Amino acid sequence: MRQLKIPKIWIRAPIVAIPKPEKGDPKSYRLISLLCVPFKILERLIYARIQPTTDPMFPQVQTGFRHGRSAVHQVTLLTQVIEDGFSAKKKAGAVFVRITAAYDTVWHRGLTCKLLRLLPDRHMVHMMIDMVGNLSFTLTTGNDKRSRLSFKHGVPQAAVLETLFFNTYITDLPNIVSKKYAYADNLAIMHADGDKQAVEGVLSKKWQP
């Protein structure tokens with residue numbers, strides 16, 4: 001850890017491709033990576049040490065992979081706000097967004113800058129980024145052909161630190177008038193008003209290019 005050197009065998013993982021019901025489409029496979037057990041133990045040790053420092057700095061609207069919070073909390077809050085709006089004779093509208101390939105498009109340099117704002121330990125931050133940036137995978141298909149893949153962008157969804165990385169990366173969600181309810185890469189934006197057209201106007205303006 002002092003030298004920022006991780007055994008290569010720790011950062012290599014075989015990938016198992018599990019077919020989804022939609023057969024014939026290359027995108028219909030779910031890729032499951034089997035990370036090395038010592039690598040996952042190291043991740044958990046790091047996460048347990050830094051999580052009490054980083055978690056309070058994340059936006060309150062984000063409940064994905066956070067202690068004591070879940071998607072159920074967001075659904076309950078959203079439902080309650082809608083019911084309160086109806087009781088007040090208001091119209092409620094919502095936009096539901098799922099970020100496509102959210103974990104595959106995380107910019108490592110930008111993630112490093114955001115982690116340094118949360119953690120004063122530059123050595124630890126560079127070690128965590130190095131753990132993610134040097135991962136490699138071996139994909140085996142049904143005909144026993146193997147392909148080597150390197151992980152240059154994004155964060156691995158099978159990793160423990162992935163939750164910390166993703167929540168750090170989206171800490172700068174824009175402030176808007178409407179209420180936000182986020183769980184990982186899923187986002188709901190809700191607005192209530194006495195006039196239906198006003199609700200539609202507010203929500204449509206948020207998503208104009």
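**Around Q62**

Reader: Which residues does Q62 contact, leaving aside its neighbours within four places in sequence?
Author: Q62 is in contact with R69, N167, I170, A182, Y183 and A184, once neighbours within four places are set aside. The model is predicted.

Reader: Where is Q62, and is Q62 called buried or exposed?
Author: Q62 sits in the loop between α1 and α2. Its relative accessible area is 1%. Buried means under 20%, so Q62 is buried.

**Two salt bridges**

Reader: How many salt bridges does the rule give?
Author: Two.

Reader: Why is the pair of R66 and D55 called a salt bridge?
Author: The cut-off is 4 Å between a side-chain nitrogen of Lys or Arg and a carboxyl oxygen of Asp or Glu. In R66 and D55 the closest N and O atoms are 3.0 Å apart. That puts the pair within 4 Å, so the name applies. R66 and D55 both lie in the loop between α1 (37–54) and α2, eleven residues apart.

Reader: Are R66 and D55 buried or exposed?
Author: Buried means under 20% relative accessible area. R66 has 5%, so R66 counts as buried. D55 has 16%, so D55 is buried too.

Reader: What makes D185 and R98 a salt bridge?
Author: Their side chains meet at 3.8 Å, N to O. The limit is 4 Å, so this pair also qualifies. D185 lies in the loop between β6 and β7, and R98 in strand β3, so the pair ties together parts that are 87 residues apart in sequence.

Reader: Which is buried and which is exposed, D185 or R98?
Author: D185 has 7% relative accessibility and counts as buried. R98 has 57%. Exposed means over 50%, so R98 is exposed.

**The sheet**

Reader: What is the order of the strands in the open sheet?
Author: The order is β3-β7-β6, with antiparallel pairing. β3 (91–98) and β6 (179–183) are the edge strands, since each pairs on one side only.

Reader: How do you know that β3 pairs with β7?
Author: Pairing needs at least two bridges. Eight bridges join β3 to β7 (residues 186–193), so the two strands pair.

Reader: Which helix lies across β3, β6 and β7?
Author: Helix α2 (residues 71–87), running at about 160° to β6.

**The cavity**

Reader: How many cavities of 30 Å³ or more does the search find?
Author: One. The largest cavity holds about 40 Å³ of space.

Reader: What makes this space a cavity?
Author: A cavity is where a 1.4 Å probe fits but cannot get out, so the space of about 40 Å³ carries that name.

Reader: Which residues line the largest cavity?
Author: Among them are Y47, Q51, F58, T163 and L164. D55 and R66 belong to the lining too. The elements giving two or more residues are α1 and α5 (161–169).

Definitions and conventions
Residues numbered from 1 in each chain as written. Predicted model: local features only at pLDDT ≥ 70, side-chain atom pairs only at ≥ 80, totals over all residues. Heavy atoms only, no water. Helix = DSSP H or I, 4+ residues; strand = E, 2+ residues; numbered from the N terminus. Contact = heavy atoms within 4.5 Å. Axes fitted to C-alpha atoms, helices over the stretch in contact; angles between N-to-C directions. Buried < 20%, exposed > 50% of the residue type's maximum accessible area, 1.4 Å probe, protein only. 1 Å grid on protein atoms, 1.4 Å probe; cavity = no way out; pocket = protein on both sides within 12 Å on 5 of 7 lines; lining within 4 Å. Points joined across faces, edges and corners; volume = space filled by probe spheres on them.
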